[in-house]
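My notes follow the display.

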Amino acid sequence: MSRVAVIGAGSVGSTIAFALLIQRISSEILMVDIVQETAKGQVSDLSDANFIASNHVRVGTFEEAGQSDIIIITAGAKQKPNETRLDLIDRNYKILDNVIGSMKPINPNAILLLVSNPVDILTHIAQKLSGLPKNQVFGSGTFLDSARLRRKLSSILGVSENAIHCYSLGEHGDSQIIAWNSASVGGKPLLEFPEIAILDKELIAKEISNKANEIIKLKGATFFGIAGCVSLVVQSIIFNQRHIRPLSTYIEEYGCVFSMPVVLGRNGIEKVIDIDLNQEEKDKLKQSSKILREICAKYT
Ligand SMILES: NC(=O)C1=CN([C@@H]2O[C@H](COP(=O)(O)OP(=O)(O)OC[C@H]3O[C@@H](n4cnc5c(N)ncnc54)[C@H](O)[C@@H]3O)[C@@H](O)[C@H]2O)C=CC1
Ligand SMILES: CC(=O)C(=O)O
């Protein structure tokens, strides 16, 4: 039995539910939204796709969501063009506080997966508000940015994205970094590939961190990529697959929540991988962690 509750039945929440449903990942999906009609409408629409999945999807209450196995939080405001994710903190802190309060008491074994932005700060706050162990409360982080990066590198190298081990790390936002020095393809350091050696790395990093903004300018929101990432996270937890994903979690060394590669299994974050970073990468992450800590301190 695996019950997944999706809180926030907007574009991101409904697309995540659809991705879970068509891949038959969970046995039951609950859709929860402050606007009842939205949840009802999404459930009615999603149930029309049931003939390809036979998955149970229904409207749920906040109390039922709190007793689920996996709780995915997508409730909240989204960025307007040229707004940063950090600009959403005031609005989305209030919503998160409300959502967690309405779910209490939360199933002590539940996994709480944050998707709403700014995801790193909201994850840090959710760890405190929920009272759940830190390994059970984490965010989608830079999984999506890393997917975007691997897509880009795949088109340059002409190899599958799955063969590229390269991560965007740190903030799911403007201060994220690409861990070029630890990246590899087929057992060979990524930087030794001639096509990569000549790349303007700063330009690639900007392109990846700005991709969401480009999509938002064109169509107002992003939701397919994140839905793909979240469905893989849920799959990894339910089937204890132990995939390594860059996810938003508390990192002792930096004193904040942001993304590092982690082993993902039945208990949530099973382990953080101590990835090799050079001094420049570490300095950038330190700078980023300072900004995140300062913002977090205002809310916790
Ligand atoms: N972490 C990531 O990689 C990504 C994060 N996002 C974030 O996901 C969030 C949602 O984006 P969209 O789905 O496009 O927005 P949306 O506006 O389509 O949906 C948001 C939903 O949240 C609901 N909501 C608001 N307050 C609520 C509450 N207290 N309880 C329950 N539901 C509530 C709204 O009624 C609405 O249905 C945004 O913060 C956005 O920035 C979006 C894409 C990727
Ligand atoms: C909106 C957002 O966080 C993204 O697409 O990366």
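I started with strand pairing. Strand β2 (residues 28-32) and strand β3 (residues 56-59) run parallel and are joined by 4 bridges. I keep in mind that this is a predicted model. I picked L30 and looked for its bridge partner in β3, which is R58. β2, helix α2 (residues 36-47) and β3 form a β-α-β unit, and the unit is right-handed.

I then turned to helix packing. Two packed helices are described by the angle between their axes and the distance between the axes.

I read an angle of about 30° and axes 10 Å apart. Angles under 35 degrees count as roughly parallel, so I logged α4 as roughly parallel to α5. The crossing of α4 and α5 is right-handed. On the α4 side I listed I89, N92, Y93, L96, D97 and I100; they meet I121, L122, I125, A126, L129 and S130 in α5. I sorted the residues of this α4 and α5 contact into 9 nonpolar, 2 polar and 1 charged.

I noted a right-handed crossing where α6 passes α8. D145, R148, L149 and K152 in α6 meet I204, I208 and S209 in α8. The residues of this α6 and α8 contact divide into 3 nonpolar, 1 polar and 3 charged.

Technical notes:
Residues are numbered from 1 along each chain as its sequence is written. Chains are lettered from A and ligands numbered from 1 in the order in which they are written. This is a predicted model: local features need pLDDT of at least 70, side-chain atom pairs count only at pLDDT 80 or more; totals for chains, interfaces and linings use all residues. Axes are lines fitted to C-alpha atoms, for helices over the stretch in contact, and angles run from 0 to 180 degrees between N-to-C directions. Helices (H or I, at least four residues) and strands (E, at least two) are DSSP runs, numbered from the N terminus. Angles under 35 degrees count as roughly parallel, over 145 as roughly antiparallel, 65 to 115 as roughly perpendicular and the rest as oblique. A crossing is left-handed if the near helix is turned anticlockwise from the far one by less than a right angle, and right-handed if clockwise. Two residues are in contact if their C-beta atoms, placed from the backbone, lie within 7 Å. Ala, Val, Leu, Ile, Met, Phe, Trp, Tyr, Cys and Pro count as nonpolar, Asp, Glu, Lys and Arg as charged, and the others, Gly among them, as polar. Two strands pair if DSSP finds at least two bridges between them. A crossover is right-handed if, with the strands pointing away from the viewer, the path from the first strand over the helix to the second runs clockwise.
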